[in-house]
Amino acid sequence: MKWRNPKTLATLLLATTVLIGGCGNNNNAPENSTGSNSGNEQTGTDTSPVTFTFFGADASPNWNNMRDEVGQYITEKTGVTIEAEYDVGAGGGENKLALMAASGDVPDFIFAKGSLSSLVDAGLIIDLAPLIEEHAPNIKKIFSENMNRLKYSNDDQSIYQIVTNMGVDQQYFDAGGGFEIQQRVLKELGYPEVRTVEDFENVLKQYVAKYPETDGQPTIPLTLNADDWRIMISVTNPAFLATGAPDDGEYYVNPETYEAMLHYKRPKEKEYFRWLNKMYNEGLLDKDTFVQKDDQYKAKIASGRVLGLIDQEWGYQDAENALKSAGKDEYTYAHFPVTLTEEYQDKSFQPAGVDGYGIAITTAAKDPVRLIKFLDWLASEEGQVLRNWGIEGKHYTVDANGQRVIPAEIQDRKVNDASNFAKETGIGQYRTFSAHYGDGVKDSTGNYYTTNFPEQIVAGYTEAEKETLAAYNATTWKDLFPSEAELPAKDWGALYNMPVPTDGDYQVTFQKTQDIIRKRIPEAVLTKPENFDKVYDDFLAELDKAGAKEMEAEYTELVKARVALFTGKEVK
């Protein structure tokens with residue numbers, strides 16, 4: 001079974017080149033450096049023009065090829081231009097990354113999401129540990145005692161990626177997931193309680209009965225996004241959140257024994273899918289849910305006729321921004337921690353620690369030292385403030401008390417013209433490129449690194465959102481959810497990011513089970529109510545016949561090893 005990057009001659013030669021290359025140029029700027037672009041004395045880095053190629057597994061519709069204001073500033077300060085390609089479909093880059101692993105044709109650096117292991121096993125990703133140690137003081141400082149969590153596995157303790165899809169020491173002040181309902185719907189019905197799936201269903205049912213059309217088109221009570229991997233976000237993942245389990249990808253992990261099983265096997269989740277089946281058969285779930293594409297899903301939302309969603313806000317943000325730009329604030333969505341019954345607690349905010357997807361440097365990078373120094377500059381205080389706030393004097397000011405302030409006209413554009421604002425300014429477009437602190441962390445000036453803190457979050461809400469929140473005695477959407485203080489941290493981190501074997505029986509079985517899930521879950525939702533039990537039970541039997549039990553046993557051992565790596569305790 002292949003677990004790690006084989007130490008090929010090419011890899012060893014590259015590592016040697018990295019170490020030698022760092023000897024003559026280890027003069028990084030201090031974290032708070034704000035020197036001009038006049039040479040190495042000021043910035044501590046080479047600022048001669050260089051282009052690095054990049055691939056991102058997520059779509060980035062507002063990427064403007066660094067022609068935005070932040071991008072131009074980055075190039076001016078560092079000499080670096082990023083030639084980026086992003087996945088444009090709904091596949092999370094899986095197909096493109098599989099081709100890269102097979103062909104060896106990779107860009108200089110990459111955001112590979114769950115496909116990192118295939119690139120590592122193909123010998124295409126370099127160990128970043130020596131680069132970070134020699135040339136990246138800012139990255140090293142950010143991760144600090146969490147460096148162990150960047151290690152690939154117990155067997156291979158190389159660092160193949162820098163976590164960038166989450167901030168270190170993150171505090172959550174807002175919620176962007178859960179079950180969503182339009183503000184206008186809630187207002188019309190007097191802001192009813194929305195705690196269970198029955199509450200959610202009744203709200204949609206009452207409103208569509210009163211208003212079967214929206215702007216001349218049929219009103220859609222609920223639609224879901226089942227296009228490719230997005231079926232997990234909008235259809236299957238909500239099954240465990242609605243039944244009191246945290247998001248651990250395709251598995252449920254027993255917090256006492258660390259035993260893992262496909263989460264669909266939990267009897268309570270069967271009842272969640274029974275509820276979706278009921279919604280479909282009563283005409284409340286969009287009949288096109290399992291055949292529409294991602295762009296069709298967003299187009300429906302942008303039309304304003306979709307009353308309810310079960311999704312993460314990043315999955316429909318573009319459509320909601322279009323509603324805001326059209327002056328339809330009341331068509332945007334409120335977020336609720338809906339569960340199957342009141343006995344369950346939504347665990348959206350259960351802490352997983354520092355663990356997630358990130359940036360990897362490939363063997364194609366001709367100058368990995370220059371690249372890691374660039375990533376380290378982005379991770380500096382100056383770089384983080386730039387990526388989150390923009391340029392002082394243009395996108396924010398500093399008041400007499402030393403506090404950063406976003407002018408009203410800039411804030412208005414961020415809320416009501418979000419896509420164009422992002423394309424023009426570049427604010428928020430560079431977060432994925434390097435490590436960063438999370439919301440709630442303050443810099444050396446006493447300001448927050450990010451603009452996601454309570455006062456600024458509230459300033460970013462539309463008037464319709466503020467009205468809804470006030471009706472529910474809340475300031476932000478997170479106020480409606482159980483907080484992380486109520487939930488114990490997970491010893492195993494974020495399992496979606498745990499390396500698994502890329503060859504052998506595991507991958508074959510996993511793919512078989514995925515094919516079964518993506519076929520049988522829609523069948524269970526769409527079947528007649530009297531057939532639901534048989535369809536669902538046959539689905540579970542089919543999973544075991546495909547080898548699910550053996551796969552779960554193997555995964556359990558991986559979870560236990562990861563707990564040992566992260567916590568240092570012995571796990572049997």
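Arg404 lies over the face of Trp389, 4.9 Å from the ring centre. The model is a predicted one. The table gives both.

| Charged residue | Ring | Distance to ring centre |
|---|---|---|
| Arg404 | Trp389 | 4.9 Å |

**Aromatic pairs**

The count of aromatic pairs comes to 37. In the pair of Phe54 and Phe433, the ring centres are 4.8 Å apart and the planes stand at 65°; edge-to-face applies to angles over 60 degrees, so this pair is edge-to-face. Phe54 belongs to strand β1 (residues 50–56), while Phe433 is in the loop between α17 (418–425) and α18 (454–460), so the pair ties together parts that are 379 residues apart in sequence. Both partners are buried: Phe54 has a relative accessibility of 3%, and Phe433 has 1%.

Ring pairs also link a cluster made up of Phe179, Phe200, Tyr264, Tyr272, Phe273, Trp275, Phe532, Tyr536 and Phe539.

**Helices α9 and α11**

Helix α9 (residues 197–210) and helix α11 (residues 267–281) have axes that come within 12 Å and cross at roughly 10°. The two helices are therefore roughly parallel to each other.

**Two buried sites**

Thr468 is placed in helix α19 (residues 463–471). Is Thr468 buried or exposed? Its relative accessible area is 0%, and buried means under 20%, so Thr468 is buried. Not counting residues up to four places away in sequence, Thr468 touches Gln183, Leu186, Tyr191, Ala334 and Trp477.

Ala494 is located in the loop between α19 and α20 (505–526). With a relative accessibility of 5%, Ala494 also counts as buried. Which residues is Ala494 in contact with, leaving aside its neighbours within four places in sequence? They are Ala352, Asp355 and Arg562. The C-alpha atoms of Ala494 and Pro351 are separated by 9.1 Å, although these residues are 143 residues apart along the chain.

How values were computed: Residues are numbered from 1 along each chain as its sequence is written. This is a predicted model: local features need pLDDT of at least 70, side-chain atom pairs count only at pLDDT 80 or more; totals for chains, interfaces and linings use all residues. Side-chain values use heavy atoms; hydrogens and water are left out. Helices (H or I, at least four residues) and strands (E, at least two) are DSSP runs, numbered from the N terminus. Buried means under 20% relative accessible area, exposed over 50%, partly exposed in between (1.4 Å probe, protein chains only). Contact means heavy atoms within 4.5 Å. Rings of Phe, Tyr and Trp (its six-membered ring) pair if their centres lie within 6.5 Å; planes under 30 degrees apart count as stacked, over 60 as edge-to-face and the rest as tilted. A charge sits over a ring if NZ of Lys or CZ of Arg is within 6 Å of the ring centre and within 35 degrees of the ring normal. Axes are lines fitted to C-alpha atoms, for helices over the stretch in contact, and angles run from 0 to 180 degrees between N-to-C directions. Angles under 35 degrees count as roughly parallel, over 145 as roughly antiparallel, 65 to 115 as roughly perpendicular and the rest as oblique.
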